[in-house]
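Please work through the exercises below with the sequence and the structure open beside you.

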Amino acid sequence: MTYVVTDNCRGCRYTECVTVCPVECFHVDDTMTYIDPENCIDCGGCAPACPVGAIEPDYRLAADKKFWIDVNRKRATETPVISARLPPLPGADERKVALGR
Amino acid sequence: MTGPAQHHVAVIGSGPSGFYTAEALLRSGAPLTVDMFERLPVPYGLVRFGVAPDHPKLKQVATAFDRIAAMPGFRFIGGVTVGDDLTVDELRNAYDAVVLATGAELSRPLGIPGEALPGSHTAGDFVAWYNGHPAFADLRFDLDHEAAIVIGHGNVALDVARILAKTADELRQTDIARHALEILAESRIRRIYVVGRGGPAQAKFTAKELRDFLELGEADTSVDGRDVTPDDFEPQRPDDPELVEKLSLLRAFSQPATTKPRRCVFRFGLSPVAIKGRGRVETISFRHRSETAEDIACGLVFSSVGRKTAPVAGVPYDAHRGVHANVDGRVAIGRTVIDGLYVCGWSKRGPNGTIGTNRGCGIATAEAVLADLADRRPRPDTPDALLARLAGRVTRIVSYPDWTAIDAAEKRRGALLGKPREKFVTIPDMLAAMDA
């Protein structure tokens, strides 16, 4: 198994997950983070750390979110590792409220 | 042009929080060195001695620790017990900052009569034993009983129950200590009760740990129907996927199949009142939420109701929280900060969170250290002078290359047995391996 970043991250990108990842398996682009499934050790630390509930273990994803498994795997190979927190994207806090978080 | 004066930081303990604090310090770009002191000749703390042998993926985090150990300015000083071989004050005289990363090694007692009877153990002792910790390798666990009770509903309680529920064949290819595998192979335990005070929604274990009980080869898992009502499995927070999954697993366990020779039974709403027996554990008396009493027969009990940090001489202790007294990572008496003394990980905030939680925690402590370094006055002693004096006091100071030799020897031993490693479980054996 692995953990997977899903759509709630898009436009927020709080990157709290990056701070608590023990193996630096997060990658990042302009819109969100991705988990490298080859490096993730399933510790589960990131899921509760995410302010918008964007991270789930792969087996727990709803059917319409399963495609994020492949998105994470692919984008992790195309984007750089992120090893320290970044400021959230502009509008992240408003989006978080809109998501009911 | 000379750069700013180089600072020296000592980290006490080589578990996750110690390594992540070291990483954050060394990545800061500040001119500093980190000396990591460890009591044993082997690093990784609870990753080696706490994480269950059948959770090998989690142990891969050790490769991250090895990367940190390879950073310029890092030094491992193993085989040295702070508080015994050298004092905290000696360290404070030689280092600009001393960071305690000593974890939470003491098990909290149940505080009920009969706890000292033979057959009554802490989960912490059992875990350290099956993981081959040198201070626990000589413990004896008599598994010649039908029933065992694990008291507590956290992840450690589930580890203990799962190890007891597994057969030797399910554990043989893990890095479990050989002495433990031999005893577990002869286990007569067929019923394991996992008992907690609260209901299903209050259980602290995670869904991920609970899922392991779906995979047991020779044990069925059930929930005792007397303890629960259907409402107990309805999540109060339907938008919390972790809670929803946990309750749905427990609901599934409440309609059990009983076809396998071993049974693991989850009990809810029961508080232990006394452990009873003539000369050894025979029953445990519980009080139910409904105030009714219930005795459960068992030959063995493992209490898993929390841990606390062991006090270190020269460091104020917060007895209420069970950690080194601190304000956000700075050691303090009340609100008065003690200069140059810090704390991280479980010995800062108590035993909670995952391995990665300690990364965030270590980063925060490192930020406090870095913020204070500029104002530190020069120390009267130096690390190298201190280490030279220390060499006369200890058998052997173990370096990281020494550990790498021990590591390689353990892996070679393991390969012969089809295991990832066969741990050395005594300090002399560890020391002998690094010279082999």
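**Exercise 1: the fold of chain B**

Among the contacts of chain B with a separation of 6 or more, 76% join residues 24 or more positions apart, where two residues are in contact if their C-beta atoms, placed from the backbone, lie within 7 Å. This is a predicted model in which local features need pLDDT of at least 70, side-chain atom pairs count only at pLDDT 80 or more, and totals for chains, interfaces and linings use all residues. Residues are numbered from 1 along each chain as its sequence is written, while chains are lettered from A and ligands numbered from 1 in the order in which they are written.

Task: state how the radius of gyration of chain B compares with that of a compact globule.

Solution. The radius, taken over C-alpha atoms, is set against a rule of 2.2 Å times the number of residues to the power 0.38. For 436 residues the rule gives a value near 22 Å, and chain B, with 23 Å, agrees with it. As a next step, consider burial: 48% of the 436 residues in chain B are buried, meaning that 20 or more other C-beta atoms lie within 10 Å of the residue's own, with C-beta atoms placed from the backbone.

**Exercise 2: two domains**

Task: find which residues form each domain of chain B.

Solution. The assignment, which is automatic or taken from a database, gives domain 1 as 7–105 + 308–398 and domain 2 as 109–305. The C-alpha centres of these two domains of chain B lie 33 Å apart. Their contact takes eight residues from domain 1 of chain B and twelve residues from domain 2 of chain B.

**Exercise 3: a covered helix**

Task: decide whether helix H6 of chain B is mostly covered or mostly uncovered.

Solution. Begin with the span, residues 123–130; helices are DSSP runs of H or I with at least four residues, numbered from the N terminus. Seven of the eight residues of H6 are buried, and the helix is therefore mostly covered. Among the buried residues of H6(B) are B:Phe126, B:Trp129 and B:Tyr130. Just after H6(B), B:Gly132 takes a positive phi of about 75°.

**Exercise 4: chain against chain**

Task: state how many residues of chain A are in contact with chain B.

Solution. 13 residues of chain A are in contact with 17 residues of chain B. To judge confidence, note finally that the model scores ipTM 0.93 and pTM 0.96.

Methods. A residue is buried if 20 or more other C-beta atoms lie within 10 Å of its own, exposed if 12 or fewer, and partly exposed in between; C-beta atoms are placed from the backbone. Helices (H or I, at least four residues) and strands (E, at least two) are DSSP runs, numbered from the N terminus.
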